[in-house]
Amino acid sequence: MAPTQNQSKLSRTKVIAGGKQPKARIQRYLKKQESQLVEGARAALLLKGIKCSNSMSTILKDMRSMKAPNAKLLTKNNMIVPFDDAGQGSLEFLTTKNDCSLFAMASHNKKRPNNLVMGRTFDRHILDMVELGVTRYKSLADYSGGPKKRIGSKPLMLFCGDKWHLEGDFKRLQNMLIDFYKGDPVDKFVLSGMDHMMVFTVADAPAGAVAEKPTIHQRTYFCKLKKNPNGEKIPIPYLVNSGPDMDFKIRRTQFASKEMWNLALKQPAGVKAKKTKNHTTNIFGETIGRLHLDKQDVDKMQGKKMKSLRIAGKNEADEEKAALEQELNKEKNGLGMEFKQTYGFDEQETEKGSKRRGGKKN
C-alpha cells in the first residue's frame with residue numbers, strides 16, 4: 001500500500017533532519033515546497049550538454065534574458081543524455097535542487113548539430129520533452145541598437161498555422177512554449193506593460209519537395225505604443241524587430257502518457273470556479289442569465305396613470321357606451337316591427353291610447 005501524503009511528508013522531514021526532531025528552519029522550507037493553490041511564475045533551468053558550441057551558448061543566454069528573473073543558467077558542461085533513463089534522473093535531480101520546473105539543454109555534435117531540448121517536470125519527475133534542431137538564429141546582440149523588453153514583462157504570443165491545432169506534436173509544443181514564456185499569472189493587464197510580442201509560424205514544405213518536418217519560425221518584436229491619430233484614448237502599437245529570432249524543426253519528442261497528463265492538468269477544488277446556474281456566456285464573452293418567474297396577469301397590474309392614458313380610457317368608455325346604446329336601439333326597433341306584424345299596430349300607439357283614456361277619467 002502506497003504511503004499517504006502526510007506519511008511521505010513526515011518521512012522526508014526525518015531524512016532532512018537526520019532522524020531527529022526537525023528544526024523550525026526545515027519546517028519552513030518544507031512548507032514553502034508544498035503545492036499551493038495559486039503558484040507564481042515557473043522558473044527555468046538552462047544548462048549545457050556534453051558539448052556545446054558558442055552559438056548554442058548564445059541561445060541559452062538570450063533565453064535567460066527573455067525569461068529573467070525566473071531563469072537560472074549553469075555555465076559548466078554536463079554529462080547528460082536527456083532521452084536516456086540516467087540522463088532523465090540527472091535532470092530531475094538538477095531541477096529539484098535548483099527549484100525549477102522547466103529546463104532547456106543545449107548541445108552540439110556531429111549527429112545532432114545545434115540541438116536544443118526543452119522540457120518540464122511534474123511532481124519532480126519528467127513530464128514531457130521536445131528536441132529541436134536549430135537551423136537559423138539571430139541573437140539579441142544583432143539588434144544592439146534597437147529597443148529591448150523590460151525585465152519580468154509578459155509577452156503577447158501568436159501562433160500562426162493550422163498545424164498548431166490539428167497535429168498532436170504541435171499542440172503539445174505550443175502548450176510547452178506558452179508555459180515556458182508566460183511569466184507570472186495576473187488578473188489584469190496594464191497596457192503600458194505590453195512591450196514585446198513573440199510570433200511562432202509553421203511553414204509547410206514546398207510542393208514537390210522531399211517529405212520532411214516543417215520549419216517553425218520564431219520572431220520577436222518590440223511593441224512601441226504611439227498616440228492614436230483618430231483622437232482615441234487607446235494607443236496604436238507599432239512592431240519593431242528586437243530579437244531573438246530562430247528557425248527550428250522538431251526532431252524527437254517524449255510526451256507524457258494520458259493518465260500522467262490528466263493528473264498534471266487536475267486542479268484543486270479551491271481554484272475551480274463555482275458553476276452558476278442559469279448563466280451562460282456567448283462567443284462575444286457576454287454573460288446571459290435566465291430568470292424563472294410565475295405567470296403574470298397583466299390586466300390586474302397597477303401602473304402609473306398618466307393624463308394621456310386617462311383621456312384614452314375615457315374615449316374608449318364613451319365608444320363602448322355608444323356602441324351599447326346603438327345595439328339596444330337596434331334590438332328595440334326589431335321588437336317593435338315584430339309587434340306591429342303580429343297585432344297590426346305599433347306598441348307606441350297603444351301606449352298613447354292608454355294615456356289618453358287615463359286623461360279622460362281624470
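Me: Before we look around, what does contact mean here?
Reply: Two residues are in contact when they have heavy atoms within 4.5 Å. This is a predicted model, in which local features need pLDDT of at least 70 and side-chain atom pairs count only at pLDDT 80 or more, while totals for chains, interfaces and linings use all residues. Residues are numbered from 1 along each chain as its sequence is written, and side-chain values use heavy atoms, with hydrogens and water left out. So the cut-off to remember for a contact is 4.5 Å.

Me: Thanks! With which residues is His196 in contact, leaving aside its neighbours within four places in sequence?
Reply: His196 lies in strand β7, residues 196-203. Helices (H or I, at least four residues) and strands (E, at least two) are DSSP runs, numbered from the N terminus. Beyond those sequence neighbours, His196 is in contact with Met66, Lys149, Ser153, Lys154, Pro155, Leu156, Tyr221, Phe222 and Cys223.

Me: Is His196 buried or exposed?
Reply: Buried means under 20% relative accessible area, exposed over 50%, and partly exposed in between (1.4 Å probe, protein chains only). The relative accessible area of His196 is 2%, so His196 is buried.

Me: Which side chain makes a polar contact of 2.8 Å with the side chain of His196?
Reply: A polar contact is a pair of N or O atoms within 3.5 Å; within protein, one must be able to donate a hydrogen and the other to accept it, and residues adjacent in sequence count only if both atoms are side-chain atoms. The side chain of His196 has a polar contact of 3.5 Å with that of Ser153. The one at 2.8 Å is made with the side chain of Asp195.

Me: Where is the cis peptide bond with omega of about 0°?
Reply: Most peptide bonds are trans. A cis bond with omega of about 5° joins Ala68 and Pro69, and Pro69 is found in the loop between α3 (54-67) and β2 (71-77). Pro244 is in the loop between β9 (236-241) and β10 (245-254). The cis bond with omega of about 0° joins Gly243 and Pro244.

Me: Which residue has a positive phi near 60°?
Reply: Most residues other than glycine have a negative phi. Asp123, in the loop between β4 (115-122) and β5 (125-138), has a positive phi near 55°, and Asp123 is exposed at 60% relative accessible area. In the loop between α7 (258-265) and β11 (279-281) there is a partly exposed residue with a relative accessible area of 40%. The positive phi near 60° belongs to Asn278.

Me: How many aromatic pairs does the structure hold?
Reply: Rings of Phe, Tyr and Trp (its six-membered ring) pair if their centres lie within 6.5 Å; planes under 30 degrees apart count as stacked, over 60 as edge-to-face and the rest as tilted. The structure's number of such pairs is four.

Me: What is the angle between the planes of Phe159 and Trp164?
Reply: Phe159 is buried at 17% relative accessibility, and Trp164 is buried at 2%. The rings of Phe159 and Trp164 are 5.0 Å apart, centre to centre, in an edge-to-face pair with an angle of 70°.

Me: Over which ring does the charged end of Lys226 sit?
Reply: A charge sits over a ring if NZ of Lys or CZ of Arg is within 6 Å of the ring centre and within 35 degrees of the ring normal. Arg252 lies over the face of Phe83, at 4.3 Å from the ring centre. The charged end of Lys226 is 4.9 Å from the centre of its ring, that of Tyr238.
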